[in-house]
Amino acid sequence: MAMTPLPLLLLVLASGFLLGLAFFASLWFTVRRLPRSANPIPLLLLSGVLRLAGTLVAMGLLAAGDWQRLLVALLGFVLARILLVRLWGPAAEPIADTPPS
């Protein structure tokens, strides 16, 4: 069984991290936009489908059939989530207090 080289794993980790940042930033943008949207259900559904499809395709490309690369990409994705939860966590203002425009 061949091992994946460390520089490649670091690149996959960074790519997974960036993918996680993009995923959760777009989720945050969608959630913040929902109270002001005239049609929140289509916005929520379309955003969710696009985020999920993009993430699955990108993870598949990063993994390239190697379970180690997939695991490292997922680790980067989760690290991005941990970072963003710390940055945007409970100290953020409640969304319900946002007046509709």
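How many aromatic pairs does the structure hold? In this predicted model, the structure holds four aromatic pairs, and the views below begin with one of them.

**View A. The ring pair of Phe24 and Phe77.** The ring centres of Phe24 and Phe77 lie 5.2 Å apart with their planes at 50°, so the pair is classed as tilted. Because Phe24 belongs to helix 1 and Phe77 to helix 3, the pair ties together parts that are 53 residues apart in sequence. Phe24 counts as buried, at 16% relative accessibility, and Phe77 is likewise buried, with a relative accessible area of 13%.

**View B. The aromatic cluster and a charge over a ring.** Phe23, Phe24 and Phe77 are linked by ring pairs into a cluster. Over the ring of Phe23 sits the charged end of Arg51, 5.3 Å from the ring centre.

View C. Gly76 lies in helix 3 and counts as buried because its relative accessibility is 0%, where the cut-off for buried is under 20%. When residues up to four places away in sequence are not counted, Gly76 touches Leu13, Gly16 and Phe17. The C-alpha atoms of Gly76 and Gly20 are separated by 7.1 Å, although these residues are 56 residues apart along the chain.

**View D. The largest pocket.** The largest pocket has a volume of about 150 Å³, and its lining consists of Phe24, Leu27, Trp28, Val31, Arg81, Leu84, Val85 and Trp88. Helix 1 (6-33) and helix 3 (67-88) each supply at least two residues of this lining, which divides into seven nonpolar residues, no polar residues and one charged residue.

Technical notes
Residues numbered from 1 in each chain as written. Predicted model: local features only at pLDDT ≥ 70, side-chain atom pairs only at ≥ 80, totals over all residues. Heavy atoms only, no water. 1 Å grid on protein atoms, 1.4 Å probe; cavity = no way out; pocket = protein on both sides within 12 Å on 5 of 7 lines; lining within 4 Å. Points joined across faces, edges and corners; volume = space filled by probe spheres on them. Helix = DSSP H or I, 4+ residues; strand = E, 2+ residues; numbered from the N terminus. Nonpolar A, V, L, I, M, F, W, Y, C, P; charged D, E, K, R; others polar. Buried < 20%, exposed > 50% of the residue type's maximum accessible area, 1.4 Å probe, protein only. Contact = heavy atoms within 4.5 Å. Phe/Tyr/Trp six-rings, centres within 6.5 Å; stacked < 30°, edge-to-face > 60°. Lys NZ or Arg CZ within 6 Å of the ring centre and 35° of its normal.
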